[in-house]
Amino acid sequence: MAPLPAEFFTRATVEVARDLLGSLLRVRGDDGRWTAGRIVETEAYGGEDDPASHAGRGRTPRSEIMFGAPGVAYVYLIYGVHHCLNIVTGAEGQAGAVLIRALEPFTGLATMAQRRNVAAETRLHQNLCNGPGKLCQALGIDLAWNGTPLTSERQPKNSNNQRILTIDSGPQPVVWQASPRIGITRATNRPHRFTDPQSTCLSR
DNA sequence: GAATCGATGATCT
DNA sequence: GATCATCGATTCA
């Protein structure tokens, strides 16, 4: 497996969202601990043409990053409590981002459980990353990660922080499914949510 | 599985 | 100051 090339994220947001299914999101947290999971659920959010997107009413301090360079993390706080991880897509000047909604945890299950403050239980892996807020907590991602670029593992030697965010290509599911996006009030009928329907780790 | 509710920072008027 | 918001946990059946 190899890190997805930058060009992968320069394409149309909907394509990126669909093609991310099956790839491996790997994260090294501020504490140096690794966690990783297979992406099984994503959603595409566009620019001015998408009323449900944070970029739907143009550039604001918050949405600015969605207009910027692709392959960068866009992290925001929702409901005042939960973090959501997006990857900026499209060419610069073209707003778009893919929300990572669910993972099948792959590495660092114990770390995830500890961060999420849940004890070992049956089907634990199904409950660690099956939702955008939950997976951020499990991966240790918060607002400090906003603007973090996807990188290969090589970091500058003098870099102080331990943060690494990378997505390796992986086999896409043989079947995938498009459905309406979750938890929004505008443009609710666009089928811009993508899932691997065979996964047992989906949200909702 | 469905319905309900708590939680609170950011954005907008 | 009011409203909104890419949700999660709990309760009920």
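This is a predicted model: local features need pLDDT of at least 70, side-chain atom pairs count only at pLDDT 80 or more; totals for chains, interfaces and linings use all residues.
View 1. Sugar or phosphate accounts for 63% of the atoms of DNA strand C within 4 Å of the protein, and bases account for the rest.

**View 2. Polar side-chain atoms of Tyr76, Arg101 and Arg116 at DNA strand C.** For Arg101, a polar side-chain atom is 3.0 Å from a phosphate oxygen. For Arg116, the distance from a polar side-chain atom to a phosphate oxygen is 3.1 Å. Two or more residues of the surface near DNA strand C come from each of strand E3 (73–78), strand E4 (82–88), strand E5 (97–107) and helix H4 (132–139). H4 supplies the largest share, 3 residues.

**View 3. The largest nonpolar core.** This core has 33 residues, and those with the most contacts inside it are Phe9, Leu20, Leu25, Leu85, Ile100, Ile141 and Ile167. H4 gives the most to this core, 4 residues. In soluble globular proteins, nonpolar side chains tend to be buried together.

**View 4. Surroundings of Ile167.** Beyond its neighbours within four places in sequence, Ile167 is in contact with Ala2, Pro3, Leu4, Phe9, Leu20, Ser23, Leu24, Leu25, Ile39, Ile87 and Leu150. Another core, of 16 residues, lies apart from the largest one; among its members are Met66, Ala95, Leu99 and Ile184.

Note on methods:
Residues are numbered from 1 along each chain as its sequence is written. Chains are lettered from A and ligands numbered from 1 in the order in which they are written. Side-chain values use heavy atoms; hydrogens and water are left out. A residue is near a molecule or strand if one of its heavy atoms lies within 4 Å of it. A polar contact is a pair of N or O atoms within 3.5 Å; within protein, one must be able to donate a hydrogen and the other to accept it, and residues adjacent in sequence count only if both atoms are side-chain atoms. A nonpolar core is a set of buried Ala, Val, Leu, Ile, Met, Phe, Trp, Tyr and Cys residues joined through side-chain atoms within 4.5 Å. Buried means under 20% relative accessible area, exposed over 50%, partly exposed in between (1.4 Å probe, protein chains only). Contact means heavy atoms within 4.5 Å.
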